Amino acid sequence: MGLVLPVLAVVVGVLVGMVGVGGVLLPPGLVAVGELSANEATATSTWAFMFTGVVGTVAYAWRGVVPWSMLARLTIGVVPAAFLGALVNARLPASVVLLGLAAITLFVGVHQLRPRTARQSRDELSTAALVTVGVFVGFGSALTGTGGPVLLVPVLLMLGVAPLRAVAVSQAVQLPVVIAGSVGYLQTGLTDIRLGTVLGALAGLGVVAGAVVATRIQADGLRRIIAVACIGAGIFLVVRAAI
């Protein structure tokens with residue numbers, strides 16, 4: 001395995017804990033460095049994100065910033081969609097899905113860099129909206145092995161949710177996404193449990209540092225960081241789709 005994958009796992013954890021979009025880096029790393037197939041990489045990274053999900057949820061819950069009501073309604077859509085996404089992964093080419101996700105992520109990143117007009121952030125969304133978002137995030141995250149935050153954060157920002165609130169709920173949503181997704185992937189035999197566990201534990205350490213940084217940055221500063229991270233995530237998705 002060498003040092004590249006462990007270092008990448010820690011970096012991914014820091015980005016996941018700080019801005020929620022670091023998960024997009026792990027599957028391509030597993031393909032390029034770990035010599036896994038695309039399907040094996042998405043399955044293994046999904047397993048690894050169970051660890052970042054636990055650590056991220058605890059870290060943000062400790063600071064009292066996780067919107068539990070929002071999480072509960074997202075989960076209704078997330079669980080069945082993530083299970084389905086894992087099963088579909090082995091049957092459909094991921095390139096079209098990846099390019100669509102890249103377009104959304106790049107759009108949100110560019111949008112967040114634009115000058116902001118004065119407006120209040122939304123504390124709540126309707127149940128129907130959150131369940132719909134949960135279906136999209138659960139299916140897309142399990143299909144691509146990105147854990148959940150990389151899709152959820154941009155979508156919530158587009159809907160007007162405050163950056164810290166979006167990042168906080170994205171940490172907790174990892175658990176229903178990756179548990180349901182991993183159940184599906186384990187049925188296909190694609191998951192490298194040992195590798196995923198090692199990388200997940202390392203990424204979990206990075207999440208702690210990222211969460212501390214995120215809760216100490218003002219909303220505008222966090223928005224700029226999220227914008228840059230989204231643009232980077234979108235570029236990685238385009239590159240991965242082209243491989």
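Predicted model: local features only at pLDDT ≥ 70, side-chain atom pairs only at ≥ 80, totals over all residues.
1. Where does Asn-89 sit? Asn-89 belongs to helix H4, which covers residues 68–89. Its relative accessible area is 4%, and since anything under 20% counts as buried, Asn-89 is buried. Have a look at its side chain as well, which reaches the backbone oxygen of Leu-143 at 2.6 Å.

2. Next, Ser-182. Ser-182 is part of helix H8 (residues 163–188). Is Ser-182 buried or exposed? Ser-182 is buried, as its relative accessible area is 4%. If you leave out residues up to four places away in sequence, Ser-182 touches Thr-46, Trp-47 and Met-50.

3. You'll find Gly-23 in the loop between H1 and helix H2 (26–32). Gly-23 is buried, with a relative accessible area of 2%. What does Gly-23 touch, not counting residues up to four places away in sequence? The answer is Val-12, Val-16, Phe-49, Gly-145 and Thr-146. For a sense of distance, the C-alpha atoms of Gly-23 and Ser-37 are separated by 17 Å, and these two residues are 14 residues apart along the chain.

4. On to the UniProt record. The entry, which is unreviewed, places the feature "transmembrane region" at residues 7–26, 46–63, 70–88, 94–113, 125–144, 164–186, 198–219 and 225–242. Two of these spans are handy to check against the model. Residues 164–186 are 100% helix and 0% strand, and the C-alpha atoms at the ends lie 33 Å apart. Residues 7–26 are 65% helix and 0% strand, with the end C-alpha atoms 11 Å apart.

5. The axes of helix H1 (residues 4–18) and H8 come within 8 Å and cross at roughly 125°. That angle makes H1 oblique to H8. On the H1 side the contact is made by Val-16, Gly-17 and Met-18, and on the H8 side by Val-167, Gln-171 and Gln-174.

6. Helix H3 (residues 38–62) and helix H9 (residues 193–214) are another pair to find on screen. Their axes come within 7 Å and cross at roughly 30°. H3 is therefore roughly parallel to H9, because angles under 35 degrees count as roughly parallel. The crossing of H3 and H9 is right-handed.

7. Last pair: helix H6 (residues 127–144) and helix H7 (residues 149–158). How do H6 and H7 run, roughly parallel or roughly antiparallel to each other? The axes come within 9 Å and cross at roughly 150°. Angles over 145 degrees count as roughly antiparallel, so H6 and H7 are roughly antiparallel to each other. This crossing of H6 and H7 is right-handed. From H6, the residues involved are Val-133, Phe-136, Val-137, Gly-140 and Ser-141, and these meet Leu-151, Leu-152 and Val-155 in H7.

Methods. Residues numbered from 1 in each chain as written. Heavy atoms only, no water. Helix = DSSP H or I, 4+ residues; strand = E, 2+ residues; numbered from the N terminus. Buried < 20%, exposed > 50% of the residue type's maximum accessible area, 1.4 Å probe, protein only. Polar contact = N/O pair within 3.5 Å; in protein donor to acceptor, adjacent residues only side chain to side chain. Contact = heavy atoms within 4.5 Å. UniProt positions renumbered as here; feature names shortened; annotations may be inferred. Axes fitted to C-alpha atoms, helices over the stretch in contact; angles between N-to-C directions. Parallel < 35°, antiparallel > 145°, perpendicular 65-115°, else oblique. Left-handed = near helix turned anticlockwise from the far one by under 90°.
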